[in-house]
Amino acid sequence: VTGYEGELSQEIAHRTKKSPTGFYMPFNLPMSSERRDFDATAGAGAIQTTKLGSRFIDALRNKMCLTQLGATLMNDMVGPFDIPKLTGTGTAYWLAEGGAPTASAQTVGQVAFAPTTVGAYTDVTRRLVKQTSMDAEMLVRNDLASVIAVEIDRAGVNGSGSGAEPTGILQNSSITTVAIGTNGGAPTWAKVVELESTIAANNADRGLMGYLTSCTGRGKLKTTEKGSAGYPIYLWDSDNTINGYAAMATNQIPSNLTKGSGTNLTALIFGDFSTVYIASWGGLDVLIDPFTGATSGKLRVSCLADVQIKFRHTEALAKIVDMTR
């Protein structure tokens with residue numbers, strides 16, 4: 001790549017002190033596509049059909065919510081790193097006249113970050129490249145970048161922690177779970193308040209507090225009343241808040257959870273989402289490979305990203321994972 005894109009790739013390589021496999025592309029780089037005319041049939045008198053690449057209709061994707069709710073992004077990191085964390089504080093003493101306090105010491109731990117890689121690739125056939133009026137490479141590159149961005153957000157919400165996949169909020173056993181029932185059950189105002197009280201009891205009710213649930217969960221909360229007040233007041237308010245806190249919904253949260261004999265359950269998360277740290281090492285590493293499928297003329301487009309997801313304070317989040325929908 002050359003020009004503006006080339007300068008961006010060089011700058012990311014300079015910041016990260018790493019050379020890309022192909023070239024670096026920032027996650028937020030605006031993409032444009034070329035418009036080309038091509039008559040696939042080349043028949044005499046045929047009417048040419050033009051595809052407007054600039055009017056391309058993208059796929060419908062899961063909504064990414066973590067950054068909108070305040071997750072902390074750390075970009076262009078270099079190598080593994082640790083963030084010191086105060087895990088034990090000193091002790092204060094009341095003293096009689098002439099008395100002296102007892103010595104106390106702080107305890108400092110660390111939150112360790114090391115990159116894991118998420119990637120995707122697509123093989124574009126020679127005939128597609130030749131016959132389409134859109135820039136097929138650009139189309140694939142934009143889609144893979146979106147796929148990876150959505151997957152990073154999903155891992156922060158519901159990553160399994162298995163293999164190289166980070167552990168998300170719903171799978172993190174250190175984050176308090178507020179249970180509704182043995183087999184799950186309908187959300188109630190009391191359970192919503194319990195989520196908030198759980199975090200407040202940990203002195204963690206500060207920062208960017210908010211709610212996150214599935215789209216089906218939002219529907220349930222919008223039709224569940226707080227209690228009898230002479231007129232209906234629902235758990236999910238009309239201004240997209242729950243008890244005054246911002247509330248969002250996304251299909252990144254599953255709606256097919258199970259508990260006991262309960263099925264098709266969903267989740268509700270509350271807390272300070274700024275305690276979710278999403279670290280990235282450089283931008284999106286894009287490789288355009290014309291050699292792997294050279295015998296058939298295929299073009300392989302690969303995208304890789306090095307990221308890690310950790311939590312500053314798991315006490316600042318709480319979840320319900322057995323809510324009926």
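How many bridges join strand β1 (residues 23–25) to β13? Three bridges join these strands, which run antiparallel, where helices (H or I, at least four residues) and strands (E, at least two) are DSSP runs numbered from the N terminus, and two strands pair if DSSP finds at least two bridges between them.

## Basis of the description

This is a predicted model, in which local features need pLDDT of at least 70 and side-chain atom pairs count only at pLDDT 80 or more, while totals for chains, interfaces and linings use all residues. Residues are numbered from 1 along each chain as its sequence is written, and side-chain values use heavy atoms, with hydrogens and water left out.

With β12 it pairs in the antiparallel sense over five bridges, and Ile 278 stands opposite Ile 309 in β14.

## Nonpolar cores

A nonpolar core is a set of buried Ala, Val, Leu, Ile, Met, Phe, Trp, Tyr and Cys residues joined through side-chain atoms within 4.5 Å; buried means under 20% relative accessible area, exposed over 50%, and partly exposed in between, with a 1.4 Å probe and protein chains only. The largest such core has 38 residues, of which Ile 169, Leu 212, Ile 269, Val 276 and Leu 284 touch the most other members. At least two residues of this core come from each of β1, β5 (116–124), α3 (136–158), β11, β12, β13 and β14, and the largest share, eight residues, is supplied by α3.

Another core, of 19 residues, lies apart from the largest one and has among its members Ile 199, Met 209, Ala 249 and Ala 316. In soluble globular proteins, nonpolar side chains tend to be buried together.

## Aromatic pairs

The structure holds six aromatic pairs, a pair being rings of Phe, Tyr and Trp (its six-membered ring) whose centres lie within 6.5 Å, with planes under 30 degrees apart counted as stacked, over 60 as edge-to-face and the rest as tilted. One of them is the tilted pair of Phe 81 and Trp 281, with 5.8 Å centre to centre and 40° between the planes. This pair links distant parts of the chain, with Phe 81 in strand β3 (residues 81–88) and Trp 281 in the loop between β12 (276–280) and β13 (284–289), 200 residues apart. Phe 81 is buried, with a relative accessible area of 15%, and Trp 281 is buried too, at 2%.

Tyr 211 and Phe 270 form another tilted pair, at 4.4 Å centre to centre and with 35° between the planes. Here Tyr 211 belongs to strand β7 (residues 209–213) and Phe 270 to strand β11, 59 residues apart, and both residues are buried.

## Thr 266 in strand β11

Thr 266 is found in strand β11 (residues 262–272) and is buried, with a relative accessible area of 0%. Its side chain reaches the backbone oxygen of Pro 254 at 2.9 Å.

Notes:
A polar contact is a pair of N or O atoms within 3.5 Å; within protein, one must be able to donate a hydrogen and the other to accept it, and residues adjacent in sequence count only if both atoms are side-chain atoms.
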